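This report is written for someone meeting the structure for the first time.

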Amino acid sequence: MLSKGFCLAATWLNELNDAQRRAVTHGLGPLLIIAGAGTGKTKTLASRVAYLIDQGTSPDRIMLLTFTRRAAAEMISRARHITGQETAGKVWSGTFHSVANRLLRLYGRSLNLPPDFTIMDEGDAADTMNLIRTELSLGKGKRRFPRKATLVKIYSHTVNAQRQLDEVLDAHFPWCAEDIEGIALIFQQYLQRKTQNHSLDYDDLLLYWKTLTAVPGAGEKVADRFEHILVDEYQDTNSIQAQILRGMRKKHENIVVVGDDAQSIYAFRAATIRNILDFPDQFSPATVVTLEQNYRSTQPILAASNAVMEQARERYTKELWSKRPSEQKPVLVHCQDEKNQTDGVCQLILDHLEEGVDLMQQAVLFRASHHSAELEIELAKRNIPFHKFGGLKFIEAAHIKDMLALLRILENPYDRISWFRVLQLLEGIGPKTARRIMDSVGMNGDEESSTNGNGRGGGRAASPLARLLSSSPTVPAAAREQFTALRAALADCSGLPLDAKASDDDDAKRTRPALTVQIERIGEFYKPIFERVYENAAVRLRDIEQLERIASRYKSRGRFITDLTLDPPTSTSDLAGKPFLEEDYLTLSTIHSAKGCEWTVVHVLHAADGMIPSDMALNDDAGEEEERRLFYVAMTRAKDHLYVHFPLRYYHRRYSLGDRHSYAQLTRFIPDTARTFFEERIAKGDETDDAETDQPTDARELKDWLNRLWQK
DNA sequence: GGCATGTGTATTTTT
DNA sequence: TACACATGCC
């Protein structure tokens with residue numbers, strides 16, 4: 001860029017439409033931008049950041065909160081591009097959770113947080129709950145107690161919605177309502193456990209930030225640090241997040257939030273549409289700007305999307321329009337069954353590829369992560385590279401968790417969940433022995449006294465790690481050899497002395513090897529074990545190499561662990577080879593993860609009632625409404641071509657091996673009134689491809705099948 | 001007593 | 001496929 005300043009500003013401001021420009025050049029005070037799908041929301045927000053910088057705001061006094069880190073990175077890169085200033089990178093940008101983490105590392109002292117806290121992901125939280133559950137011998141009773149993952153969901157929802165447990169159970173987890181006493185007991189202990197472990201869970205990050213804003217002195221300091229706050233996807237924030245913002249904006253109310261009430265799809269996570277609706281009251285006097293011109297989709301795609309939304313119970317605040325005409329209506333593809341759908345999708349993808357639409361410009365969207373299972377296999381068979389977003393995370397794979405647990409012990413020796421996991425890796429050590437070892441190194445005593453204040457008080461006891469290394473607890477014979485190896489590896493990585501008397505002296509002079517060396521050393525210890533424990537060790541080994549590769553970008557171990565927890569890389573299918581290395585790949589994504597994205601060609605799978613809407617979400621009206629918005633989000637991701645696939649027949653292979661099947665209904669979100677906005681097609685079957693998966697299931701089909709054997 | 005192994009059963013979406 | 005629970009082995 002040649003220069004900055006007004007001239008330049010004028011140029012890029014001219015590229016905005018009126019409403020966008022009004023939003024971007026808004027002065028001081030609160031602003032609510034209602035931005036429909038594809039109306040240039042990212043562009044507007046990025047331009048706003050650029051504008052503020054251009055007007056002289058120091059980038060590090062701007063906070064930009066987005067829904068994913070990916071979105072933050074994109075906006076910052078655009079702002080950087082517009083301003084031509086590298087300093088745009090200094091904007092405090094990221095998710096609520098990652099910004100909370102950053103702030104709490106700086107100001108945690110005023111909340112008595114331990115300086116070395118680690119962050120628990122959902123799995124850690126679940127494991128902790130499970131541990132407490134077994135200790136309390138809950139679930140031993142007649143009935144099945146809620147599973148650990150459910151416990152975490154209940155906990156998180158209760159906290160984030162800031163509602164009473166019984167209300168939450170009745171409303172969202174009615175099948176658990178009977179166990180309320182046990183659940184409450186677990187939650188109570190869970191809180192203590194987190195303190196003892198020096199760890200915060202996702203929800204704590206928000207709660208502590210909220211609390212921080214209310215601490216006299218520190219609260220004002222944190223708030224004053226930022227002149228402007230911008231928030232993306234405001235429709236998907238919860239009430240705690242709204243409180244955080246109010247806490248941050250007590251003095252100057254320079255805040256811009258962007259959202260679309262028609263796209264709120266995170267109520268299950270306690271997001272509330274009230275935030276957007278009440279914004280003008282909570283921050284007044286707020287200016288409201290509405291963006292209605294859609295630049296993304298063709299008019300027929302928008303017309304169909306609008307028709308779907310017209311069925312909604314609530315009226316939304318706007319109607320989108322587009323200047324992009326097209327002859328091509330969205331296509332509703334009727335398929336015989338899932339196999340047929342899979343083949344049809346592959347074929348269409350290849351057709352578009354041939355027409356010159358790169359795979360990067362094509363996406364397949366679905367309601368639930370496992371809906372793409374069959375497609376993934378077929379894509380692999382056909383050598384079509386893809387990358388899947390949503391669903392299982394890399395970090396959730398057991399072997400990655402093992403590696404991370406080893407690192408976390410080093411980072412935070414009080415992290416019991418990690419100790420518990422690591423010790424049980426050793427042959428002959430189960431929960432009981434693991435717990436005994438942890439006791440013997442002083443993990444289960446109440447160590448509050450040793451960490452009072454900022455945790456650096458005099459006379460601090462040696463950490464459990466130092467103790468484990470200085471004196472070897474007895475272990476079962478089978479585990480002895482591996483236990484020695486573990487201690488050696490931990491000693492090497494921490495720089496703490498082995499089999500010596502631990503003292504503050506040793507603590508002071510320890511030298512740690514670099515992170516990459518540590519990971520390598522840990523791997524050395526871990527790999528033989530993991531070959532014993534896991535069947536398909538070879539495939540999993542690649543993940544460990546991947547972990548090593550990611551770590552090589554980091555210097556700080558703590559930073560590495562935190563980033564991995566707050567922004568985990570999405571898992572890639574083992575089947576697809578190495579999509580990262582392919583320059584052109586197809587995107588598979590849950591609809592949730594597709595939020596904010598766009599592609600030239602979009603396929604929506606399983607547009608059948610029970611899939612979309614998911615029948616599990618249909619407990620109440622609100623659930624159905626959210627599913628509708630979800631479908632709307634899926635449709636509005638498409639720029640030029642939208643295919644909605646509807647398999648007519650579903651096989652029930654889940655619990656029985658028979659070939660029973662049932663007929664599905666077209667999703668209720670495409671009633672006849674909306675159907676006229678689609679072109680309807682029958683999927684071309686590819687029957688000759690794979691005779692085995694195409695077995696006849698009744699007399700009529702048997703005849704068809706026989707006929708196909710000789711009539712090509 | 002405690003650990004390893006086998007069997008039956010499932011509720012979607014994510015920071 | 002993973003997880004919770006029951007049974008068998010050291």
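## The chain as a whole

Of the 712 residues of chain A, 42% count as buried, a residue being buried if 20 or more other C-beta atoms lie within 10 Å of its own, exposed if 12 or fewer, and partly exposed in between, with C-beta atoms placed from the backbone. This is a predicted model, in which local features need pLDDT of at least 70 and side-chain atom pairs count only at pLDDT 80 or more, while totals for chains, interfaces and linings use all residues. Residues are numbered from 1 along each chain as its sequence is written, and chains are lettered from A and ligands numbered from 1 in the order in which they are written.

Chain A has 28 helices and 18 strands; helices (H or I, at least four residues) and strands (E, at least two) are DSSP runs, numbered from the N terminus. Two residues are in contact if their C-beta atoms, placed from the backbone, lie within 7 Å, and among the contacts in chain A with a separation of 6 or more, residues 24 or more positions apart account for 78%.

In soluble globular proteins, nonpolar side chains tend to be buried together. A nonpolar core is here a set of buried Ala, Val, Leu, Ile, Met, Phe, Trp, Tyr and Cys residues joined through C-beta atoms within 7 Å. The largest such core in this model has 83 residues, and those with the most contacts inside it are I33, V49, L64, M75 and W209. Helix α3, which covers residues 41-54, gives the most to this core, with seven residues. Apart from this core lies another, of 53 residues, among them A304, Y585, L588 and A608.

In helix α8 (residues 165-172), V168, L169 and H172 are buried. These residues cover an arc of only 100° around the axis, which puts them on the same side of α8; the arc is that of the directions from the helix axis to the C-beta atoms. The buried residues of α8 pack against α7 (148-161) and α9 (180-196).

The axes of α8 and α9 are 11 Å apart, and the two helices pack at an angle of about 125°, where axes are lines fitted to C-alpha atoms, for helices over the stretch in contact, and angles run from 0 to 180 degrees between N-to-C directions. That makes α8 oblique to α9, since angles under 35 degrees count as roughly parallel, over 145 as roughly antiparallel, 65 to 115 as roughly perpendicular and the rest as oblique. The contact is made by L165, D166 and L169 of α8 and I180, I183 and A184 of α9.

## Helices α15 and α16

The axes of helix α15 (residues 338-355) and helix α16 (residues 373-381) come within 10 Å and cross at roughly 45°, and α15 and α16 are therefore oblique to each other. On the α15 side the contact is made by E338, T342, V345 and C346, and on the α16 side by E374, L375, E378 and L379.

## I301 in helix α14

I301 is found in helix α14, residues 299-310, and counts as buried because 28 C-beta neighbours lie inside 10 Å. Not counting residues up to four places away in sequence, I301 touches P330, M635, A638 and L642.

Most residues other than glycine have a negative phi, and most peptide bonds are trans. In this model, however, the peptide bond from S284 to P285 is cis, with omega near 0°, and P285 has its place in the loop between α13 (274-282) and β8 (287-291). The peptide bond from I612 to P613 is also cis, with omega near 0°, and P613 lies in the loop between β15 (599-604) and α26 (621-635).

H606 is also placed in the loop between β15 and α26, and its phi is near 55°, a positive value in a residue other than glycine. E233, in the loop between β6 (228-231) and α12 (239-248), has a positive phi near 50°, and with 25 C-beta neighbours inside 10 Å, E233 counts as buried.
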